[in-house]
Amino acid sequence: MAEWDTSELAALAVSLRLAPVKAMAAIVPVAGKAGVNMKASMRRAASGHSHLPGLSRYVEYDVTSSPLEVSVEVGFRKEGQGNLANIAAFGSVNNAPVMDITQPLRAEVPRFMEWASKAIAGAV
């Protein structure tokens, strides 16, 4: 009876089972950098408005992760002039919006995808 050496196949199976965990762990720092970049971009967009001179100080970001997802939330802390961020971003009956809050995300997505793919390839 012939015997087959399947040790390499077993090692590959273990490696493939661990790949999602390693990939998610590798994405967390990439998401953190994306948060920093988007926060800086949003702060630039929120600064220099004559009626909201302190708005940029209220921009913050948060990264959360679980075994199945990593998310970054960038926005305004709802205190001080941060309470008026919705008016700056969306306008009001009397005022047009003064900033585009989607621009930082649109700018960051290609960079995030590039670095996330590199991080995952290195981790797996």
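This is a predicted model: local features need pLDDT of at least 70, side-chain atom pairs count only at pLDDT 80 or more; totals for chains, interfaces and linings use all residues.

Reader: Fine, charged pairs then. How many salt bridges does the structure hold?

Author: The general idea is that side chains of opposite charge can pair when their charged atoms come close. In this structure there are 5 salt bridges. One of them joins Arg77 and Glu60, with N to O at 3.3 Å. That pair ties together parts that are 17 residues apart in sequence, because Arg77 sits in the loop between strand E2 (70-76) and helix H2 (85-90), while Glu60 belongs to strand E1 (residues 59-65).

Reader: Which residues make up another salt bridge, with N and O 2.7 Å apart?

Author: That would be Glu108 and Arg111, whose closest N and O atoms are 2.7 Å apart. Both lie in helix H3 (residues 103-123), and their spacing of 3 residues is about one turn of the helix. Look at the accessibility as well: Glu108 is buried, with a relative accessible area of 4%, whereas Arg111 is partly exposed at 39%.

Author: Pairs can also link up. Here, salt bridges with shared partners join Glu60, Arg77 and Glu79 into one network.

Reader: What does Arg106 pair with?

Author: With Asp100, and the closest N and O atoms of that salt bridge are 3.1 Å apart. Asp100 is partly exposed, its relative accessible area being 37%.

Reader: On to the helices. At what angle do H1 and H3 pack?

Author: To read a helix pair, take the angle and the axis separation together. Helix H1 (residues 7-46) packs with H3 at about 155 degrees, and their axes are 9 Å apart. An angle over 145 degrees counts as roughly antiparallel, so H1 and H3 are roughly antiparallel to each other. Their crossing is right-handed.

Reader: Which residues make the contact between H1 and H3?

Author: On the H1 side, the residues include Lys22, Ala26, Val30, Ala34 and Met38. On the H3 side, they include Leu105, Glu108, Phe112, Trp115 and Ile120. By class, the contact of H1 with H3 has 16 nonpolar, 3 polar and 3 charged residues.

Reader: Now the single residues. What is Val70 in contact with, beyond its neighbours within four places in sequence?

Author: For a single residue, place, accessibility and contacts are what to check. Val70 lies in strand E2 and is partly exposed, at 23% relative accessible area. Leaving aside neighbours within four places in sequence, Val70 is in contact with Met24, Ile27, Val28, Ala31, Val63, Thr64 and Ser65. Take Ile27: it is 43 residues from Val70 along the chain, and their C-alpha atoms are separated by 7.4 Å.

Reader: Last one: where is Ser56, and is it buried or exposed?

Author: Ser56 is found in the loop between H1 and E1. Its relative accessible area is 16%, and under 20% counts as buried, so Ser56 is buried. Neighbours within four places in sequence aside, Ser56 is in contact with Arg43, Ala46 and Ser47.

Notes. Residues are numbered from 1 along each chain as its sequence is written. Side-chain values use heavy atoms; hydrogens and water are left out. A salt bridge is a side-chain nitrogen of Lys or Arg within 4 Å of a carboxyl oxygen of Asp or Glu. Helices (H or I, at least four residues) and strands (E, at least two) are DSSP runs, numbered from the N terminus. Buried means under 20% relative accessible area, exposed over 50%, partly exposed in between (1.4 Å probe, protein chains only). Axes are lines fitted to C-alpha atoms, for helices over the stretch in contact, and angles run from 0 to 180 degrees between N-to-C directions. Angles under 35 degrees count as roughly parallel, over 145 as roughly antiparallel, 65 to 115 as roughly perpendicular and the rest as oblique. A crossing is left-handed if the near helix is turned anticlockwise from the far one by less than a right angle, and right-handed if clockwise. Contact means heavy atoms within 4.5 Å. Ala, Val, Leu, Ile, Met, Phe, Trp, Tyr, Cys and Pro count as nonpolar, Asp, Glu, Lys and Arg as charged, and the others, Gly among them, as polar.
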